[in-house]
Amino acid sequence: MNFKIQISKKSKTENQIFLINKESKLKDIISNDKTLKKVKSLLNKSNKSTYLFDGEKISYFVLLDSKLETNRIQASNCFKTLTQLKIDSIAIVSEEKADLNYSFLEGLLLSTYTFNKYKKEAKEFVLNIDVLEKVLSKDELNTLQINVEANSIAKDLVNEPQSYLNAVQYAADIKALGKDAGFDVTIFDKKKIEKLKMGGILAVNKGSIQEPTFVIMEHKPAKALNKKPIVLVGKGVTYDTGGLSLKPTANSMDFMKSDMGGSATVVGTMYGAAKMNLPVHVIGLVSLTDNRPGLDAVAPGDVITMYSGDSVEVLNTDAEGRLVLADALHYAKKYKPEFVFDFATLTGASAAAIGPQGTVCMGNEMNEKTKEKLFKSGIKTHERLVEFPMWDEYGELLKSEIADYKNLGGPYGGSITAGKFLQVFTDYPWMHFDIAGPAYLKAPVNYKQYGGTGVGVRLMLDFLSNY
Ligand code: BES
Ligand code: ZN
Ligand code: ZN
């Protein structure tokens with residue numbers, strides 16, 4: 001963590017961040033102070049956040065907005081200023097509404113994330129934040145901190161190269177996270193996966209010299225609100241070369257260590273749910289393997305038998321995500337879940353359709369209230385969702401001449417045919433989230449850094465908190 005944050009009665013620093021709104025009392029109080037009188041006119045003129053720096057201390061004024069995302073972005077600008085001025089100790093003062101304060105602090109904490117593990121000289125900048133009373137309650141601060149921590153865990157996992165994070169190592173890391181946060185972890189090794197005949201995972205793993213793993217996480221509080229568990233499923237392709245249907249090296253393969261982004265979302269969410277001790281029974285399932293061309297790699301044209309017993313003609317080995325997910329989705333049936341969500345960097349088509357601005361989702365029929373809450377969380381966290389149609393015609397494109405299905409659709413609707421393939425392996429209320437667009441950034445945007453974004457973690461933690 002690159003921050004220390006605590007609620008305090010008095011600030012130990014003279015650097016102050018004032019969260020205000022146009023009509024707020026605080027602004028009047030501030031404007032009665034002689035040295036700060038200038039600010040009032042500045043604020044009135046620009047109607048934007050501004051600051052005074054006297055060479056030693058800063059007084060930073062943030063005009064809060066009713067749009068939470070605006071406050072997060074303002075916070076990232078504030079953070080930039082603080083780092084430039086090398087100010088690492090601040091106090092937050094506010095008399096505004098908790099949700100507005102929360103969004104500003106969230107943007108600020110998210111801005112502090114760095115991934116320095118492989119740097120000889122890491123620029124460590126730890127921001128020390130005194131949150132004055134009235135800004136947030138202890139519980140709100142606790143929730144905020146866990147949220148950001150859970151998001152960072154997902155980012156770390158995505159940013160780790162496959163040279164470290166192979167399927168076996170990844171499973172061990174999840175085990176350690178479970179110990180830390182208090183969720184149960186069960187690991188299936190290759191032998192167990194073979195015994196269960198998880199043919200999708202095994203097919204993708206065939207060209208690899210690393211063994212696959214399948215990891216089950218469980219957060220089961222004593223007094224859960226749900227009788228049937230919520231199951232979260234994640235695609236954990238630790239590296240996607242495309243397999244024998246090899247991706248062109250330049251551009252398309254450079255970032256494929258991020259192809260386990262969906263599983264990172266699930267792990268981060270499990271971590272947060274357990275640490276917050278949310279009163280919901282949640283199970284996480286992730287299929288972990290890399291996808292490589294090897295002497296024994298699955299070849300286009302091969303027919304494989306999935307864990308469900310269905311046969312699949314593999315026409316493109318680069319459409320591997322749906323194969324590893326299908327086995328996990330079939331496994332989820334044994335829990336008789338209330339509903340299942342899966343997260344996956346599944347198709348370039350989703351990224352092409354809406355870019356990093358949001359997540360493409362689609363699924364089976366679901367309780368309308370649950371769905372409403374889900375989309376509401378999407379707007380609140382700004383991890384926005386857009387739903388694609390699951391019309392029957394798209395499913396026709398998956399018919400094979402020689403097997404039950406093929407793993408490839410037609411010339412259009414690439415995200416949807418991938419979703420239709422997954423749907424075959426579900427028999428419960430289900431939503432699929434294709435995060436290929438927002439999971440990984442090649443340039444920083446506001447409070448999001450270069451690399452993994454941990455998208456989906458804040459969405460899920462907000463959603464589960466409102467269950
Ligand atoms: N991991 C990729 C999808 C992807 C692409 C994620 C770009 C993030 C950024 C996935 O396994 C894949 O290669 N999908 C193919 C499917 C196609 C062969 C049907 C794709 O989208 O091109
Ligand atoms: Zn692929
Ligand atoms: Zn992939």
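Donors are taken here as N, O and S atoms within 2.8 Å of the metal (3.2 Å for Na, K and Ca), and because water is not among the atoms, sites may look incomplete. The model is predicted, so that local features need pLDDT of at least 70 and side-chain atom pairs count only at pLDDT 80 or more, whereas totals for chains, interfaces and linings use all residues. Residues are numbered from 1 along each chain as its sequence is written, chains are lettered from A and ligands numbered from 1 in the order in which they are written, and side-chain values use heavy atoms, with hydrogens and water left out.

The zinc ion (ligand 3) is coordinated by Lys235 (NZ), Asp240 (OD), Asp259 (OD) and Glu320 (OE) at 2.0 to 2.4 Å, with the donor residues spaced K-x4-D-x18-D-x60-E. Here the 6 donor atoms subtend angles of 77 to 174°, and the arrangement is therefore octahedral. Distant parts of the chain are linked by the pair Asp259, in the loop between β9 (230-240) and α9 (261-275), and Glu320, in the loop between β12 (311-314) and α10, which are 61 residues apart; helices (H or I, at least four residues) and strands (E, at least two) are DSSP runs, numbered from the N terminus. The two zinc ions, ligand 2 and ligand 3, lie 3.2 Å apart and are bridged by Asp240.

With buried meaning under 20% relative accessible area, exposed over 50% and partly exposed in between (1.4 Å probe, protein chains only), Glu320 is buried at 1% and Asp259 is buried at 2%, whereas Asp318 is partly exposed at 23%.

Helix α10 (residues 321-332) and helix α14 (residues 414-423) have axes that come within 9 Å and cross at roughly 30°, where axes are lines fitted to C-alpha atoms, for helices over the stretch in contact, and angles run from 0 to 180 degrees between N-to-C directions. The two helices α10 and α14 are therefore roughly parallel, given that angles under 35 degrees count as roughly parallel, over 145 as roughly antiparallel, 65 to 115 as roughly perpendicular and the rest as oblique. Contact, meaning heavy atoms within 4.5 Å, is made by Arg322, Leu323, Leu325, Ala326 and Leu329 of α10 and by Ala418, Phe421 and Leu422 of α14. Helix α14 is mostly covered, with 8 of its 10 residues buried, among them Ala418, Phe421 and Leu422.

Helix α9 packs against helix α15 (residues 457-465) at an angle of about 40°, with the axes 9 Å apart, and the pair is therefore oblique. In this packing, Ala264, Thr265, Gly268, Thr269, Gly272 and Ala273 in α9 meet Val457, Met460, Leu461 and Leu464 in α15. Asn151, which lies in helix α5 (residues 138-159), is buried at 2% relative accessibility and, neighbours within four places in sequence aside, is in contact with Leu110, Thr453, Gly454, Val457 and Arg458.

Key: Four donors count as tetrahedral if all angles lie between 85 and 135 degrees; four count as square planar and six as octahedral if opposite donors are over 155 degrees apart and all others between 65 and 115; anything else is irregular.
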